[in-house]
Amino acid sequence: MSSYRFLFTGKWVGWFLLVVLLAAVCVLLGNWQMDRREQARDVISAIESNYDREPVAFAAVPQIFETASEADEWTPVTLRGEYDVAGQRIVRNRPLNGRPGYEVLVPLRLESGAAVIVDRGWLPIGNNQAGHPDEVPAAPEGDVTVVVRMKPGEADVDRGAPEGQLASIRLEDYAAELDYPVYTGAYGMMATEDPAPATQPVAIPKPAIDEGPHLSYSMQWYAFGLLFFVGYGYAARQQARMDELQAEDEALGFHEANPAPRAAAPKRRSNRPTAEEEEDALLDAQGFRTDGSLLSKDD
């Protein structure tokens with residue numbers, strides 16, 4: 001361990017603290033990816049449990065659009081009321097299958113007088129006027145019965161929108177533009193509409209059941225954190241070996257400023273015979289002297 005005393009110097013302590021800091025950041029990022037994976041798994045669980053179940057009557061779940069629960073997301077609910085076409089809004093920047101477009105929101109006023117915001121579907125961007133769809137299919141007039149899937153409201157995106165449009169489905173902002181009560185916990189994604197209009201927006205498809213690459217990303221971050229310690233250990237080992245070699249050189253009298261003594265250091269004799277010694281041994285075996293004359297019997 002004496003060869004690793006340099007680890008307690010200020011320089012190496014500083015490197016170690018930096019490695020610990022970087023590894024901690026990697027762990028935090030790995031945990032963040034794991035949290036995102038859990039969130040994705042919760043969404044997938046709600047889709048698998050609720051999306052294709054039988055619709056429930058609004059009277060059986062009267063609070064579902066007031067206090068939205070993640071466990072109730074995508075639950076089909078049957079609503080009956082009348083659309084407030086004057087309160088219709090267009091939500092901007094809503095891509096579908098890679099195509100830019102909009103979503104159409106219309107308040108559905110229930111018998112109680114309160115309204116549930118219904119997302120009737122998607123429209124592509126228009127060609128006639130920038131920032132507006134070419135045509136918005138009209139909602140059915142009079143009493144309608146719709147089946148919607150509950151979706152929680154969205155957060156504010158801190159972005160403006162032209163008159164008659166919304167930057168996001170932030171239900172509190174939408175409700176402030178209307179003069180009657182509106183459920184602001186969740187809205188309804190259109191599933192069916194009765195009576196069905198001649199034309200209607202494109203239905204929003206069922207979301208993909210995919211938890212994404214969060215698990216592999218988290219494993220990568222954890223591996224990066226471990227590699228910082230491996231790199232630190234490798235650097236320490238290399239430094240220790242360099243110190244050992246330097247100590248051996250100093251023991252032989254070698255210094256970088258005066259390399260001559262190293263050249264004069266005695267060489268270790270190899271146990272293997274030289275070529276000349278092998279040649280002399282061969283001549284002796286054949287009866288010759290090393291000077292080329294024959295050996296006598298007395299010799």
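Leu 226 sits in helix 3, where helices (H or I, at least four residues) and strands (E, at least two) are DSSP runs numbered from the N terminus. This is a predicted model, in which local features need pLDDT of at least 70, side-chain atom pairs count only at pLDDT 80 or more, and totals for chains, interfaces and linings use all residues. Residues are numbered from 1 along each chain as its sequence is written, and side-chain values use heavy atoms, with hydrogens and water left out.

**The nonpolar surface patch**

- Leu 226 is exposed, with a relative accessible area of 55%; buried means under 20%, exposed over 50%, and partly exposed in between (1.4 Å probe, protein chains only).
- The C-alpha atoms of Leu 226 and Val 20 are 9.9 Å apart, although 206 residues separate the two along the chain.
- Leu 226 belongs to a nonpolar surface patch whose other members include Trp 15, Leu 18, Phe 224 and Val 230, and the patch has about 910 Å² of accessible area together.
- Helix 1 (10-50) and helix 3 (214-251) are the elements that give two or more residues to this nonpolar patch.
- Patches are made of residues with over 30% relative accessible area and no salt bridge, with like charges joined within 9 Å and nonpolar side chains (Val, Leu, Ile, Met, Phe, Trp, Tyr) within 5 Å.
- A salt bridge is a side-chain nitrogen of Lys or Arg within 4 Å of a carboxyl oxygen of Asp or Glu, and accessible areas come from the Shrake-Rupley method with a 1.4 Å probe, where for residues only the protein chains shown count as cover.
- Phe 224 is also found in helix 3, and is partly exposed at 39% relative accessible area.

**Arg 37 and its neighbours**

- Arg 37 lies in helix 1 and is buried, with a relative accessible area of 15%.
- The side chains of Arg 37 and Glu 211 are joined by a polar contact of 2.8 Å.
- Leaving out residues up to four places away in sequence, Arg 37 touches Glu 211, His 214 and Leu 215 (contact means heavy atoms within 4.5 Å).

**Strand 5 and its partners**

- Strand 5 (residues 115-124) has 9 of its 10 residues buried, so the rest of the structure largely encloses this strand.
- Strand 4 (residues 101-110) pairs with strand 5 in the antiparallel sense over 9 bridges; two strands pair if DSSP finds at least two bridges between them.
- Asp 119 in strand 5 is the bridge partner of Leu 105.
- Strand 8 (residues 186-194) pairs with strand 5 in the parallel sense over 2 bridges, and there Met 189 is the bridge partner of Asp 119.

Note on methods. A polar contact is a pair of N or O atoms within 3.5 Å; within protein, one must be able to donate a hydrogen and the other to accept it, and residues adjacent in sequence count only if both atoms are side-chain atoms.
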